[in-house]
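Hello,

Here is the structure I promised to pass on to you. Please open it first, and then read my notes below alongside it.

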Amino acid sequence: MIEVCDLKKYFASGLLQKHCVKSVDGVSFHIAKGETMGLVGESGCGKTTLGRLLLRLIEPTSGQIFFDGTEITKLNRREIRRIRPHMQMIFQDPDSSLNPRMKIGESIAEPFRLGLNGKFSRREIRDRVLELIETVGLNPEHVNRYPHQLSGGQNQRVVLARILAINPDFIVADEPTASLDISVQAQILNLILDLKDKYDLTLLFISHDMEIVRHMSDRVAVMKHGQIVDIGDAERIFKTHQDLVVDSPLLI
Amino acid sequence: MNLLNIHELNTYFPTTDGLVKAVDHVDLQIADSEKVGLIGETGCGKTVLGMSIVRLLDSSAQINGRIIYKGRDILGLAEEDMRSLRGREIAMILQNPTMSLNPVMKVGDQISEVIRLHQGLDKRAAKKRAVEILESVSIADAHRRANQYPHEFSGGMRERAMIAICLSCDPTLIIADEPTKGLDAKTKTQIIQLLKDVTKDRSMLMITHDLNVAASICDRVAVMYAGEILEMGKVWDVLKKPMHPYTRGFINSLPCRGLKPIRGSSPSLIDLPSGCRFCPRCDCATEACKIKHPEMTPADDGHSVRCFLYT
């Protein structure tokens, strides 16, 4: 479903833009349909940049990205807008990824109003929103609340509902639980796993926590200094890259 | 004798929606050179408890109870006396170094400011001392780094700078509020090691929701939920043989324990359940749990728990 060939992203910096930071430096991999690919690495290794590149939220320096056979690196702005509903992103901080002046219900209804998946009547939209709210484990009374009235975990559920409203095929989840508590993190991660099965999603799951990536992914790619240094079966990667695992006395 | 003795501490905040009981009847002791972990989720009151000890809360906060430090009740001290105690005797490592450090002040100056205030050293001597302290928290090239601003530091180095400020006046008790939050695995391990080294002869209250961090530093842990302490004991007793259903659920929601979450969410601190506060989310709850509020009950070897399963 996703095919990446020799992707590069250099950020120029310094006087006269002489120096450049090689955030993503010649990365190639593929993700099969229905697969969850984990992307793990220390902070600053370029994993977030790679995630953004895949959705063309930022422009690559060079290289190709294919999505379902289409080379999205070649698309113009209008074409990319048409393909965006098929690929979505879950950001790190749920509180800042929702419009603070929009009620939860309005936020989730927005993709339907824009007619991304055909036209809906107001009534249908309302029913769909309530259905999604229930799918992600929120209560109907949350519809009329604002993001600041909900907790981080609840807001991340809203973000998920909104993404499901768009009905994408591919989702990049960039540390979706970085700002959440341990028990809430467990709830959200399990929800993502359930939704993935239910909606047959393909996922790129970015995290610096090897333990979580192992739990979520089929295959894992390890990133270091902008390059993928290892890629393969989640269990094997977990065993080979113990340096990326936080010392966990609780494992014993 | 205990260095710090917290007895029946209540910290309430009056709001238009009602009284927020952020800390409710908390008893906690910290002995000389002892490291105590305070574990709990966001909004359970653990930061407020830490802030109550150093008296850094908003004036609207209603604090009741006793906080005895070296035989003196902190809550009874005049603000002036408190100011000479805070930073010198009891120092706090605040949460989120990016927000806590002054962005328009050089890191070295932020450290020497504390030294000049508390130890009356002149500018030059304080600056020299600041560089030494930066070296002691393993910041390479400390001379140059002292003249840099916080934005020129990485996340891990900012955390080190926070620790340096806290250590600048050689405090007896350190209150560390989530010092490893937002750091990646490698940096986290380094910061844990650093904290271990610098607290060898000091006492520490370590506020965290990271059980691994607590396990690697603390002697004892207290588990906090909805403003009160539910379980307390030696760190390995609590983590290996957790008694309270909440502690068990918390441990099982770790990624290395299979990510099994506790159902539901924490109660609002304004409208607390009348019986056991964990009752609505508890799988072991009985009728009694809905009505009666359990008290802390000692089990064996310093382990105590607030649950009817053990009475």
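How many bridges join strand E1 (residues 2-15) of chain B to E2(B)? There are 10 bridges between these two strands, and E1(B) and E2(B) run antiparallel. Before I go further, please keep in mind that this is a predicted model.

**The sheet in chain B**

E1 and E2 belong to an open sheet of 4 strands in chain B, ordered E2-E1-E4-E5 and paired in the antiparallel sense. The edges are taken by strand E2 (18-31) and strand E5 (72-73) of chain B; each has a single partner strand, so one side of each is left without a neighbour in the sheet. If you want a place to start looking, B:Thr15 has B:Gly18 in E2(B) as its bridge partner. Helix H1 (residues 46-53) of chain B packs on this sheet, where it touches E1, E2 and strand E4 (62-69) of chain B. The direction of H1(B) makes about 65 degrees with that of E2(B).

One backbone detail belongs here too. B:Lys70 sits in the loop between E4 and E5 of chain B, and it has a positive phi of about 45 degrees although it is not a glycine.

**Chain A as a whole**

Chain A has 9 helices and 10 strands. Its radius of gyration is 19 Å, close to the 18 Å that the globule rule gives for 252 residues, so chain A is as compact as a globular protein of that length. Along the principal axes, its C-alpha atoms fill a box of roughly 55 × 55 × 40 Å. Of the 252 residues of chain A, 42% count as buried. Among contacts in chain A with a separation of 6 or more, 68% come from residues 24 or more positions apart.

Chain A holds an open sheet of 6 strands in the order E6-E7-E8-E3-E9-E10, with mixed pairing. At its edges stand strand E6 (87-90) and strand E10 (227-233) of chain A, each with a single partner strand, so one side of each is left without a neighbour in the sheet. On average, neighbouring strands of this sheet are turned by 15 degrees against each other, direction ignored. E6(A) pairs in the parallel sense with strand E7 (residues 170-174) of chain A over 4 bridges, and the bridge partner of A:Met87 in E7(A) is A:Phe170.

Helix H4 (residues 104-113) of chain A is mostly covered, with 7 of its 10 residues buried. Among them are A:Ile104, A:Ile108 and A:Phe112. What do the buried residues of H4(A) pack against? Their partners are helix H5 (122-135) and helix H6 (152-166) of chain A. Just after H4(A), A:Gly115 takes a positive phi of about 70 degrees.

Chain A also has a residue other than glycine with a positive phi: A:Asp68, near 55 degrees. A:Asp68 is in the loop between strand E4 (62-67) and strand E5 (70-71) of chain A, and with 15 C-beta neighbours inside 10 Å it counts as partly exposed.

**Where the chains meet, and the core**

The contact between the chains takes 22 residues from chain A and 24 residues from chain B. On the side of chain A, helix H7 (182-199) and helix H8 (210-216) are the elements that give two or more residues; H7(A) gives the most, with 6 residues. By class, this side has 10 nonpolar, 7 polar and 5 charged residues.

The largest nonpolar core has 156 residues, and those with the most contacts inside it are B:Met206, B:Ala214 and B:Val223. Helix H7 (residues 155-167) of chain B supplies the largest share of this core, 8 residues. Leaving aside neighbours within four places in sequence, B:Ala214 is in contact with residues including B:Gly37, B:Ile39 and B:Met206.

**The end of helix H11 in chain B**

B:Asn252 lies in helix H11 (residues 245-252) of chain B. With 16 C-beta neighbours inside 10 Å, B:Asn252 counts as partly exposed. Not counting residues up to four places away in sequence, it touches B:Arg257, B:Gly258 and B:Lys260.

Best wishes

Technical notes: Residues are numbered from 1 along each chain as its sequence is written. Chains are lettered from A and ligands numbered from 1 in the order in which they are written. This is a predicted model: local features need pLDDT of at least 70, side-chain atom pairs count only at pLDDT 80 or more; totals for chains, interfaces and linings use all residues. Two residues are in contact if their C-beta atoms, placed from the backbone, lie within 7 Å. Ala, Val, Leu, Ile, Met, Phe, Trp, Tyr, Cys and Pro count as nonpolar, Asp, Glu, Lys and Arg as charged, and the others, Gly among them, as polar. A residue is buried if 20 or more other C-beta atoms lie within 10 Å of its own, exposed if 12 or fewer, and partly exposed in between; C-beta atoms are placed from the backbone. The radius of gyration is taken over C-alpha atoms; the globule rule is 2.2 Å times the number of residues to the power 0.38. Two strands pair if DSSP finds at least two bridges between them. Axes are lines fitted to C-alpha atoms, for helices over the stretch in contact, and angles run from 0 to 180 degrees between N-to-C directions. A nonpolar core is a set of buried Ala, Val, Leu, Ile, Met, Phe, Trp, Tyr and Cys residues joined through C-beta atoms within 7 Å.
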